[in-house]
Amino acid sequence: MSSAASKGVWYHDGKELSSSKEIKISKVGATHKLKILKVSEENSGKYRFEAEGRKTESMIVVEDPPRIAEADIKNFCLPVSVKSGQATSFRVPFVGREPFKVQWFKEGQEVKNDTNIRVENDEGYTRLVLRKLNRKDSGEIKVKIKNEFGTTEATTELNVLDKPTPPQGPLEVIEGSSSCIEIKWRPPKDNGGSKVTNYHLERQQVGRNTWKKIGNVPGEPPSFRDTDVEHGKKYYYRIRAITAEGESDMIVTEDVQAGTKAYPGPPIALKVVSAFKDRINLQWVNPTNTGGTAIVGYNLEKRKKGSNLWSLVNPGGEPIKDKQYTVTDVIEGQAYEFRVSAINFSGSGEPSVPSEFVFAREPMNPPGKVSDLKVIDSDYNTLCLSWSKPQAEKGGRGEAKGFFVEIRPEDEQVWTRCNTNAITMNSYTIKGLKPMAMYFVRVVATNVGGSGDPQELNNYVLAMPPPVRPRFTDAKMNSFMVARAGNALRVSINFEASPWPEVTWLKDDSPVSKRATISTADGTSQLLIPSAERSDTGIYTIIIKNLVGQETFSTEIRVTDEPKPPGPVELDENVPGTVTVSWAPSPDETRDDHLHYLVSKRDSVKRAWHTVADRLFNNKFTVCNIMPGREYYFRVYAKNDMGLSKPSESTVWSITKKKEKFTLNVPESKAVNFERPPKFLTGLKMHVAPQGYECYMTCAVRGDPAPHVTWYRDNVSLNTNTNYYITNTCGVCSMLILRVGHQDMGEYKVLAENPLGRAECSTKLTVRE
């Protein structure tokens, strides 16, 4: 206050306050204080201070977030185990200011009221009830309580107990001797929430119907050794897992034979670890196929370079127990190769692949750096390298026996080897790269003395094909296209470019509309408009650009539809012999600058329509050569890039023909004499006909009056002979012999006679077998 003498009164929600155990009111000079010693929800509300007719107010909101007592959280977090098919519930008391939002979660998924799930919320607590539980209901249970001031949550574990799933295969045969079968399997995938205590085994001999109970074996390890077997017999085994909740379903194994001679496969990865002038150290790995029994040892053999004889290295002929051995029986400077074979209860198996030749000498120095390292080819996923072998130095760097290729992505610091085993060639292809990613590459030469210094490329490499300037690959590209309005508009352009280019589509030098979909993949870019409109007409340009250059291509696309027909057609005669055809424009004329008109005509004489004018961009045309006395019909079509409209037809146009007097002067005719004697225009030809085939003879004769024609063979008339078919049509004389025989051979003659003279022609017919 402004004066220390001023007195005032405190109010809470209109009720006057005074000092008490919970509230302390004090005044120091001109300062008045109200202190609430222990704030609770009841202290919320409006506070007012009045003095000398003046007042000031303030609002206190007491925040009360949801809280769960520590003891309740501790009890809730204890894991809960329930047998399958039973029910359980989780109850959580809490305090705080309402309203609350309470959520229950199971394995992160919120649960809602259901047939077997019920969520109960009441004053001061929430409860989750779960009925008919099964094994899949196991997992984390979480409750989350929230109001406007905060959130609290608690979690617990629910373990639904059930019988286990069957043991897992495949069955591993550790031993299959004549007196023992030892097998091993894997535990159940789900033990049902309880530890596997035992496995129950049964056995059946192949060929029999009964199963023999073997009994229970301990749960750890999951294996069994069966000594009650007969040599050469095969057996099946049934195995069940047993827990406190019951037995699992059974697993039936494949048949296992006792006492079969099954030899192991060859050991793998035989390698020379190190070599000296008096010893060579070797190492190998177990064979993948043990033959069904345990490996008891190994036989190691050596062979000199240039020799075909393998000699046993084993000390005293006894098998080598370890998977490594030091050969001391060597001659300095001699090259050797080695092979190893595994031994089981059946005997020794096949030998391994021989090792590389190694010299018995002191270790070599590592090789130097490779030279001329370069990239010879690349694409988006591979990189092909080549290099030159480093030179060996006497007393210095050793000879390179192989190479390792290493790669490092630009955003990593660790080098990764691309080849597990050293390669001997001077080239290598790295695969599995990410397109357009940056990589650092280096090559390391190696020999038995170790690896040399790496040789790295001078700069990073991009995983991409060699640079290619963008270019279009279509043999023929359309620079003009027409699309029907309402149909899909699709433009596809094929191209090639490296690195992968940026593809841009423009319409009239501006970005294409949002209705257009552009997709680019595998060297093809496509522009698609699902439903084209007339406004989509324009010049479309594709721009393909990469680091090497850019290429562009433009095509004009016209979106239109079949035009509407022109208006009424009118006819008028301005000049005699002509007709001026005029018509109202088509409604599409203003929307389509390619629209023009076509005029066709038909008259009453020809009755066929033919075009008299095309590509008319006005609404009038004069037709010439109009004949009087005929009726004329005219049609006018609107025409654009899509085709013709329906026609607009005119009325009938005709001009009456004026009749004129016609005089015909016929000249005096003179008599002409056409009589002439016979003459052959075309004579008979020589004929050679096969026996039994037909023969056809013909000639041509003229004369006036028409001559009489007679056919002769060897001067005997044939006109009345029915074996010959003779005709004379308009001066063409012909004769047909249906089946030629030797009796038809001879000379044939045709005689033509009329009152003015006679003519004849002849030929010969030869018949061949």
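UniProt positions are given here in the numbering used for this model, with feature names shortened, and such annotations may be inferred rather than shown by experiment. With that in mind, the unreviewed UniProt entry lists residues 66–159, 470–560 and 678–766 under "domain: Ig-like". The model is a predicted one, so local features need pLDDT of at least 70 and side-chain atom pairs count only at pLDDT 80 or more, while totals for chains, interfaces and linings use all residues. Residues are numbered from 1 along each chain as its sequence is written, and side-chain values use heavy atoms, with hydrogens and water left out.

On the whole-chain level, strands run the show: there are 67 of them and one helix, both taken as DSSP runs numbered from the N terminus (helices H or I, at least four residues; strands E, at least two). The chain has a radius of gyration of 57 Å, whereas a compact globule of 769 residues would come in near 27 Å; the radius is taken over C-alpha atoms, and the globule rule is 2.2 Å times the number of residues to the power 0.38. Along the principal axes, the C-alpha atoms fill a box of roughly 165 × 120 × 75 Å. Of the 769 residues, 37% count as buried (under 20% relative accessible area; exposed is over 50%, partly exposed in between, with a 1.4 Å probe and protein chains only).

Residues 66–159 are 7% helix and 52% strand, with end C-alpha atoms 28 Å apart. Residues 470–560 are 0% helix and 62% strand, and their end C-alpha atoms lie 33 Å apart.

Most residues other than glycine have a negative phi, and most peptide bonds are trans. Pro-499 sits in the loop between β43 (489–498) and β44 (502–507), and Pro-705 in the loop between β61 (695–704) and β62 (708–713). Positive phi turns up at Asp-522, at about 50°, and at Cys-730, at about 55°. Asp-522 is in the loop between β46 (517–521) and β47 (524–529) and is exposed at 77% relative accessibility. Cys-730, in the loop between β64 (724–729) and β65 (732–737), is exposed too, at 81%.

As for cysteine pairing, the structure holds zero disulfides (pairs of cysteine sulfur atoms within 2.5 Å). Cys-77 is partly exposed at 34%, whereas Cys-180 is buried at 3%.

Salt bridges (a side-chain nitrogen of Lys or Arg within 4 Å of a carboxyl oxygen of Asp or Glu) come to 39. One of them pairs Glu-301 with Arg-339 at 2.8 Å, N to O. This pair links distant parts of the chain, with Glu-301 in β26 (residues 297–304) and Arg-339 in β29 (residues 335–344), 38 residues apart. Glu-301 itself is buried at 17%. Another salt bridge joins Lys-564 and Asp-588, their closest N and O atoms being 4.0 Å apart. Lys-564 lies in the loop between β49 (550–560) and β50 (569–572) and Asp-588 in the loop between β51 (579–583) and β52 (596–603), so the pair ties together parts 24 residues apart in sequence. Lys-564 is partly exposed at 43%, but Asp-588 is buried at 3%.
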